[in-house]
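Here are some notes for a colleague coming to this model for the first time. Please keep the structure open while reading them.

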Amino acid sequence: MFAAADHEFMAQALRLAERGLWTTTPNPRVGCLLVRAGEVVGAGWHRRAGEAHAETHALRAAAERSRGATAYVTLEPCAHHGRTPPCVDTLIAAGVARVVAAMQDPNPQVAGKGMAALRAAGIVAEVGLLQEAARELNVGFVSRMLRGRPWVRLKLAASLDGRTALAGGESQWITGRHARHDGHRWRARACAILTGSGTVLADDPRLTVRDLDVDRQSWRVVVDSRLRLPPTAKILAGGGTLLATASDDQAGLARLRDIGVETLLLPDSDGRVDLVALLAELGRRGVNEMHVEAGPRLNGSLLRLGLVDELLLYVAPCLIGDTGRGLLAMPELLSLAERTQLRIVDLRAVGDDFRVLARLD
């Protein structure tokens, strides 16, 4: 169905889409390549929400050379009015002869309508080229569209014997600077970073992206069931923080709102924050990927509730011993058949450490 040249051009379009890895939220990352007679005549990618889509950038670059060209797009062109006009109308008006999309848009407002509109206009429209690579690039957007919640990535750092800190809580630093820098790159691609009050009280982190050239900070979300955080916590400074709680202490909530912290009251039946409801709310607010940097209790709760999609684990070549703190607070298993099975999708060295990306199937 697809020629070797098609694969090559779509791979280039995917590399263009990757340029928006840190900037497009809540929109998907999309690249577009226009090719006529084997020559690339236009290229573009979506940079940020509210700005022109990838197809528009590519068509502007190609100008009159768009007529009769093939457009390679990493996501089905949109067929609805959002902040920008429908891309299918722009492609039709430009006179392209063929459109190849890597994957169908999971957004119910599109979901096949874009390709149908192109075919109705007499344009050859094909979908499915390098589909898996395109889905990986937008795994969070797909999750939000199909499940109504973000893709949840649990970031962990541990010694070779699986310990995250000494018994007294000291953890800085188990992994090396290269691993820490790599962790900031994963923070940068996330729409939101989630942590718990225990981590904030112990380490007072900011959970911002540092040492990278970014113009957007991820939203910071804190789970604080009992409103234990002091207003002086670094993570609450400067805005951009949402605090989810189970406490209806009006005075405590007012103090947080006075310093610019948005609060959500989401109690479950046990007096803790309802994590399922929290993720649903974040999905409604356009959070595609959620990066979790928390302690073993919150990590364990997310895992037990089936809310974790993948683990990003940095393993340092050192030993701490069995008195050190573990990765996850989980109930005791009565048999190995109850264990949580993971699938390793990526394993690589990062400086002196190893990075493991593992998914729950």
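1. Arg 284 forms a salt bridge with Glu 281. Their closest N and O atoms lie 2.8 Å apart. The two residues are three apart in helix H10, so about one helical turn separates them. Keep in mind that this is a predicted model.

2. Glu 281 counts as buried, at 16% relative accessibility. The cut-off for buried is under 20%, and for exposed over 50%.

3. Next, look at Glu 262. Glu 262 forms a salt bridge with Arg 285, and the closest N and O atoms are 2.8 Å apart. This pair links distant parts of the chain, 23 residues apart. Glu 262 sits in strand E10 (residues 262-265). Arg 285 sits in the loop between helix H10 (275-284) and strand E11 (289-292). Glu 262 counts as partly exposed, at 33% relative accessibility. Arg 285 also counts as partly exposed, at 31%.

4. Now turn to Arg 98. Which residue does Arg 98 pair with? The partner is Asp 6, with the closest N and O atoms 3.1 Å apart. Arg 98 is buried, with a relative accessible area of 17%. Asp 6 is buried as well, at 7%.

5. How many salt bridges does the whole structure hold? A search finds 20. Some residues are linked in a network of salt bridges: Arg 29, Glu 136, Arg 153, Arg 189, Glu 289, Glu 310 and Arg 359. Trace that network on the model.

6. Last, inspect helix H2, residues 54-62. Helix H2 is mostly covered, with seven of its nine residues buried. The buried residues are Ala 54, Glu 55, Thr 56, His 57, Ala 58, Leu 59 and Ala 62. What covers them? The cover includes strand E1 (31-36), strand E2 (39-45) and strand E3 (70-73), along with helix H3 (87-94). Just after H2 comes Ala 63, which takes a positive phi of about 55 degrees.

Conventions. Residues are numbered from 1 along each chain as its sequence is written. This is a predicted model: local features need pLDDT of at least 70, side-chain atom pairs count only at pLDDT 80 or more; totals for chains, interfaces and linings use all residues. Side-chain values use heavy atoms; hydrogens and water are left out. Buried means under 20% relative accessible area, exposed over 50%, partly exposed in between (1.4 Å probe, protein chains only). Helices (H or I, at least four residues) and strands (E, at least two) are DSSP runs, numbered from the N terminus. Contact means heavy atoms within 4.5 Å. A salt bridge is a side-chain nitrogen of Lys or Arg within 4 Å of a carboxyl oxygen of Asp or Glu.
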